[in-house]
Every structure is written in structure tokens, then in C-alpha cells.
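Thanks for coming, everyone. I'll keep this short.

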Amino acid sequence: MPRTSRIQGLRDLSVEARREAVAEAAGVTSASIAAFDPANGLGIELADHMIENVAGILGVPLGIATNFVVNGADVLVPMATEEASVVAAASNAAKIARIRGGFSTSSTATVMQAQVQIVGVADPEAGRVRLLEARDELIALADAQDPKLVEFGGGVRDIAVRVVRSRAGTYVVAHLQVDVRDAMGANAVNTMAEAIAERAAEIAGGNSLLRILTNKADLRLSRARAVFDAEALGGAGVVDDIIHAAALAEADPYRAATHNKGIMNGISAVVLATGNDTRAVEAGAHSHAVSAAGLYTSLSRFEKDADGNVAASIEVPMPVGLVGGATKIHPAARAAITLLGVGTAAELAEIITAVGLAQNFAAVRALATEGIQRGHMSLHARNIASTVGATPREVPAVAARLIADKAVRADHAERILAELRQGR
Ligand SMILES: CC(C)(COP(=O)([O-])OP(=O)([O-])OC[C@H]1O[C@@H](n2cnc3c(N)ncnc32)[C@H](O)[C@@H]1OP(=O)([O-])[O-])[C@@H](O)C(=O)NCCC(=O)NCCSC(=O)C[C@@](C)(O)CC(=O)[O-]
Ligand SMILES: NC(=O)C1=CN([C@@H]2O[C@H](COP(=O)(O)OP(=O)(O)OC[C@H]3O[C@@H](n4cnc5c(N)ncnc54)[C@H](OP(=O)(O)O)[C@@H]3O)[C@@H](O)[C@H]2O)C=CC1
């Protein structure tokens, strides 16, 4: 069945009809995404096995971003977020990107690193070299912990050793660099780090302390780029303003934090929808946003291409998996993976990265033109209406008045609701 991510009028359908339209466009069965319906989603018994002291289940809205083309293929993207306008903005940017072919992506190998901290080494530089001499022995010891991973083509690729000087002492820190294939990899590399720690400390001549992965996953990077057509954006002036807006984020940490928050609006929503670890991805992204000179900067770059369009690109660590964590357990996460049609963790990582770039572009474009409030607040108006007690039947009328009056505020919503109920 042909797959398309262009579904016109999706916003106007009922939730049930939307699910049908999405399944049909994606070429998957309705049953395979039925878990998006809370009635078929995560049940309390399963939840009780996932974390501790379970007392309930928190629902988060799951929307579908349309219009995405990634490496020439259309893809419909599940996004779990509580924030209005995020899904619309990603779909909006993807619609503009598809004019010039959509997003192109690539990634490094799926290598995660675990650190083993060794304290009390009298000669840390020599200890570092002794560990490197023992590379093969340590790799064999680590690989023996996870024969299944090795069977899948993964396992330890190398060992790096650093000498880290701190205010409390000098540490020899061994890094196990492990190809974790389709796993996020935390459990896999932590097991390996714990298994080699004692022997590594013996070789270095000290005592092992911490044995844990690093969330600075800089050997597991995904990249995406797209060209946003100048004419579709409103011409050369708009392009220049978008580039100035992105340049401020490159130069100024205060702006960079907000710019990167916009990127994470997209990234975290897909990471959550697929049952992956949002904190791991967020820690990796923000650590990657620090330049070699120590400046916190933007994760994306916007330039003008030779034809005057915006050439946007991003590189970000993307430690996500298909086999571990909640991905395999949570029924809605499994449905999200089915909808995406991805077969490897790397494919998933690259789509997530493309969504981050789209999200970023939509926000920066809005900021560099009409400002964020018109698009964002008009969608947020429905939340304000619900907050003041409007019923689902009353919400559209209250939201429409809030937008028309250009006053998307709770006090105004209360007034409108009171008037509506008095029949005025
Ligand atoms: C909000 C829009 C998209 C309106 O934009 P618009 O031009 O009024 O929308 P439109 O009605 O012309 O539709 C254009 C496309 O947008 C999508 N779209 C549009 N509306 C909907 C909707 N209701 N439901 C579903 N999809 C929608 C949809 O894809 C549609 O095309 P279609 O596929 O239908 O042919 C635009 O103003 C926008 O992109 N704004 C950016 C909003 C944003 O970034 N929100 C994130 C929250 S703000 C924040 O947290 C981050 C920030 C801003 O601080 C980051 C930073 O500072 O960098
Ligand atoms: N700082 C952090 O970020 C931390 C995160 N975590 C959590 O760790 C979890 C993720 O750990 P992760 O190691 O991914 O999960 P799992 O341990 O659940 O899954 C990884 C295991 O799956 C098996 N496997 C099956 N098929 C494949 C395949 N195709 N590719 C790779 N492995 C395969 C492997 O061997 P086998 O079957 O032999 O196990 C592998 O070790 C998340 O829940 C995360 O929140 C935990 C600690 C710290």
C-alpha cells in the first residue's frame, strides 16, 4: 500500500476518524495502532510492573505530525506532548521542507560509552597507558557479559582512557566504547563496566569507584538537514531575518537555551511516544550544545544556500532503542514504532533528529516574522478555555472568541464562558 504523510484536513476529523486516516495513509492496519486509544493502551497491571509504588497512569496527548519526508520516504510521526502548537508546528515546517525534498539524515555507529572511575592511582599517566596495554583482555571480559549483543553484531569496539584532574583528586577514567546496536544501551554497558571495574583498577594500580554509562553520547550522533524554500517563506528579507535569529542563538547562551528548548519540543515528544528515555536524550543534547571553547550554543545551524534558501542542519546525540526500556513493553510505544515503520534504532534516531530540526525551524520562522503568540496562543486558547471550566462542547466557541478578541487570557475566558452560559 502506498505510504503518504500528506493528509489534508486531518485536524478537522474526530479522533477515531483521524486514527483510521493515519493508519490508511501509513499502510498499517488500524489494529496495529489501536493502542493509541487509552482503552487499549497501558493498563494498570502492566504499569505496576514498570515502576515502583504505582498508584495510577498519567495520560499525555499523542498527536501525529504530518508532511514529513525523510531520506525520500514519507513518514507519519507520533508525538507525545502536553504543549499546544508543537505538533502543528512540526507538521508546518515539514510541509515547507518537502517542497525541496524533505529531510536528509545520517548517523554514526550506535556506540555508547561507560566510564570506570579509578581513584588513588599514584602514577595516573602510567596507569592510563597500562590500561591501554590491557585493551584486548578488558574487551574480552566485557564482551563475555553480553554474548547476545555480540551475536547481534554489537559489543565493545574500543577502550579509551583519560586522566581527569578535579578539586578532590586525580582520577584515571576508562571508557568502554560499546556498539549497542538496537538498544539504548544503558543496562548493557553498565553491566560491562561493573564487570571489568575490579580488573581495570588492579591494572591501573588504584580502586574503582563509579561504573556507569555517560549520557554525553558523543559517539552516537544523528544528523539531519533540509532546505526551506525562500519563496515559500516570503522572500529574501524573511530568509535574512531567520538567519539573524539563528545567529543570535549561536552567539548567546540566553537565546541558545530557548532555541534548543524549541528543538527538544520535537525530539522529546517522539522519544516519549516511542517509550524511550527522555532524560538520557535531553542530557546528551545539552552536553553536545557546549562548544570546544566552553560556550553553550545552539544545536542547529541555519545558513543561506547558493540560491538564497535557508539551509538548516543539526547534529545531536541520539541514544534511543527499539529493544529495551519501555519500548517493547508499552503498547502505545509499540504502536508508535509500527506507525514509524522503522527497523533499526539508527533509523528511529534519524527521524527524531529530523523532527527536532523541523520543530526548531517552525519556531524560529514564527519568531522572525509574526512572533510566536498568534500561532501558539491560538492553539493554546483551547487549553485556557478548558482551564476555566468550559465543557468539551463549549471549548470551540470560547477559544474562537479568545482568538478573535486577541486576548487569550483566563480572566477573559471566564467572562466569555459566563456570557455564553447566560445565552448572550
Ligand atoms: C502554529 C502554526 C503551525 C500555524 O501556522 P499557520 O501558517 O497559521 O497554519 P496553516 O493553517 O496555514 O497550516 C499550515 C500547516 O501547519 C500545520 N497546522 C497548522 N495548524 C494546525 C492544526 N491546528 N492542527 C494540525 N496541523 C496544523 C498543518 O500541517 C498545515 O498544513 P496542512 O498539512 O494542513 O496542509 C505556526 O504559527 C507555527 O509553526 N508556529 C510555531 C509554533 C511553535 O513553535 N510552537 C512551540 C511552542 S513555543 C515554544 O515552546 C518554543 C520557542 C518558541 O520558545 C522556541 C524558540 O524560541 O525558538
Ligand atoms: N544514565 C542513563 O541514561 C541510564 C538509563 N537507564 C535505563 O536503561 C534502559 C535502556 O537500557 P538498554 O541496555 O537499552 O535496555 P535492555 O537491557 O532492556 O536491552 C538491551 C539488551 O537487549 C538485548 N537485545 C536484543 N536484541 C537486540 C538488538 N537488536 N540490539 C541490541 N541489543 C539487543 C541485548 O542482550 P540481552 O538480551 O542478552 O540482554 C541487550 O543487552 C532504559 O530504560 C534507561 O532508562 C539505566 C541506567 C542509567
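Leaving aside its neighbours within four places in sequence, which residues is Leu176 in contact with? Here is the list: Gln113, Ala114, Ala142, Val156, Ile159, Val189, Met192, Ala193 and Ile196. Keep in mind that this is a predicted model.

Now step back to the core. Nonpolar side chains in soluble globular proteins tend to be buried together. Here, the largest nonpolar core counts 121 residues. Leu176 is among those with the most contacts inside it, along with Val77, Ala90, Val189 and Ala200. Which helix gives the most to this core? That is helix H13, residues 345-368, with 16 residues. And where does the core lie? Domain 1 (10-107 + 220-371) and domain 2 (111-213) both contribute residues, so the core lies between them. There is also a second, separate core. That one has twelve residues, including Met377, Ala390, Leu402 and Ala413.

Next, the sheet. Four strands form an open sheet, in the order S5-S6-S4-S7. The pairing is antiparallel. Which strands sit at the edges? Strand S5 (155-165) and strand S7 (207-213) do, and each pairs on one side only. On average, neighbouring strands are turned by 20° against each other, direction ignored.

Look at the pair S4 and S6. Strand S4 covers residues 111-119, and strand S6 covers residues 170-179. How many bridges join them? Eight, and the two strands run antiparallel.

Two helices to point out here. Helix H5, residues 135-143, packs on the sheet and touches S5 and S6. Its direction makes about 120° with that of S5. Helix H7, residues 186-204, also packs on the sheet. H7 touches S4, S5, S6 and S7, and its direction makes about 160° with that of S7.

Last stop: Ala366, which lies in helix H13. Is Ala366 buried or exposed? The cut-off for buried is 20 or more other C-beta atoms within 10 Å. Ala366 has 21, so it is buried. Leaving aside neighbours within four places in sequence, Ala366 is in contact with Gly371, Ile372 and Gly375. How far apart are Ala366 and Thr258? In sequence, 108 residues; in space, 14 Å, C-alpha to C-alpha.

That's the tour. Over to you.

How values were computed
Residues are numbered from 1 along each chain as its sequence is written. Chains are lettered from A and ligands numbered from 1 in the order in which they are written. This is a predicted model: local features need pLDDT of at least 70, side-chain atom pairs count only at pLDDT 80 or more; totals for chains, interfaces and linings use all residues. A nonpolar core is a set of buried Ala, Val, Leu, Ile, Met, Phe, Trp, Tyr and Cys residues joined through C-beta atoms within 7 Å. Domain bounds come from an automatic or database domain assignment. Two residues are in contact if their C-beta atoms, placed from the backbone, lie within 7 Å. Two strands pair if DSSP finds at least two bridges between them. Axes are lines fitted to C-alpha atoms, for helices over the stretch in contact, and angles run from 0 to 180 degrees between N-to-C directions.
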